[in-house]
Amino acid sequence: MRINVLTIFPEMFASPLDHSIIGRARQRRLLEVRISDIRDFTTDRHRVVDDSPYGGGAGMVLKPDPLVAALEAIQAGAAQRAPVILMSPQGERLEHRRLAALAGEHEVSILCGHYEGIDERVVEQWVDLEVSIGDYVTTGGELPAMVLIDALARLLPGVVGKEESVVQDSFFSTIFDYPHYTRPQCFRGHEVPSVLLSGNHEAIRRWRRKQALKKTRQQRPELLAQAELTEEDVKLLAELDAEGA
Ligand code: 4FV
């Protein structure tokens, strides 16, 4: 997959996408990330990318010209136009479902806003999808873009070693992942749950599902309401009720 990133701070992407799973995916050509500096598409000698807002008000707005010139440069010669994603608090909340859909794309372009945002004509004419990573405001679209790239890359075939660990992920099935433990068996007086030391794989599977349901219900009951629960899940939830959990 190819991901084009348009930003006025290309240096911010220097390191975060060079390590661990994402770094390896890029080395193995499972993922290509191309960073474009929007400033390279300005035509004035001061390489100006922003201007004051029409109608007055605080802050600056990213100008349409260099943004569109950068987008057109990326799309020039491309067989088909790659969907353009704008990272913005006004976008749809980023969820697993959308990431899974994007993982099926051959190429996407991500536009990183900054300051008060970008000229709305670019949003209307050139943006296919606005995405928000959450109901708060960041200083720029760069970190949100990295979050999207990281979470998306994990869903690309071959990027995460054991497919299993993607499938059992939280949100893959709208139920949270189960709690994880590793050595030492006793840490500062806190023991690992004995079932995990039992070697009884059926009991372990069942305990993990029960814990996943318990935490999902505690933290995000709306997710449980959306989930396709098995008969066993219903039994486990009843047990949790009986245990007052
Ligand atoms: C954001 C978000 C976000 C808004 C003004 C950048 C900032 C500045 N992007 N999810 N939440 N963007 O706050 O994606 O341009």
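This is a predicted model: local features need pLDDT of at least 70, side-chain atom pairs count only at pLDDT 80 or more; totals for chains, interfaces and linings use all residues.
User: Which backbone atom lies 3.0 Å from an oxygen atom of the ligand?

Analyst: A backbone N or O atom of Tyr115 does. A polar backbone atom of His114 is 3.2 Å from an oxygen atom of the ligand.

User: What surrounds the ligand?

Analyst: A shell of 17 residues. Tyr115, Ile133, Gly134, Tyr136 and Thr138 are the closest. Strand E5 (84–93) and strand E7 (129–132) each supply at least two shell residues. E5 gives the largest share, with three residues.

User: How do the shell residues divide into nonpolar, polar and charged?

Analyst: Eight are nonpolar and nine are polar. No residue of the shell is charged.

User: Why is Ile85 called buried?

Analyst: Its relative accessible area is 1%. Ile85 sits in strand E5. Leaving out residues up to four places away in sequence, Ile85 touches Leu102, Val108, Ser109, Ile110, Leu111, Leu129, Val131 and Leu148. Ile85 and Val127 are 42 residues apart in sequence, with C-alpha atoms 6.1 Å apart in space.

User: How do you know whether Ser109 is buried or exposed?

Analyst: Ser109 has a relative accessible area of 0%. That is under 20%, so Ser109 is buried. Ser109 belongs to strand E6 (residues 107–112).

User: Which residues does Ser109 touch, not counting those up to four places away in sequence?

Analyst: Asn4, Leu6, Ile74, Ala82, Pro83, Val84 and Ile85.

User: Why does Cys186 count as partly exposed?

Analyst: Its relative accessible area is 37%. Buried needs under 20% and exposed needs over 50%, so Cys186 falls in between. Cys112 is at 0% relative accessibility and therefore counts as buried.

User: How many disulfides are there?

Analyst: The count comes to zero. A disulfide needs a pair of cysteine sulfur atoms within 2.5 Å.

Notes: Residues are numbered from 1 along each chain as its sequence is written. Side-chain values use heavy atoms; hydrogens and water are left out. A residue is near a molecule or strand if one of its heavy atoms lies within 4 Å of it. A polar contact is a pair of N or O atoms within 3.5 Å; within protein, one must be able to donate a hydrogen and the other to accept it, and residues adjacent in sequence count only if both atoms are side-chain atoms. Helices (H or I, at least four residues) and strands (E, at least two) are DSSP runs, numbered from the N terminus. Ala, Val, Leu, Ile, Met, Phe, Trp, Tyr, Cys and Pro count as nonpolar, Asp, Glu, Lys and Arg as charged, and the others, Gly among them, as polar. Buried means under 20% relative accessible area, exposed over 50%, partly exposed in between (1.4 Å probe, protein chains only). Contact means heavy atoms within 4.5 Å.
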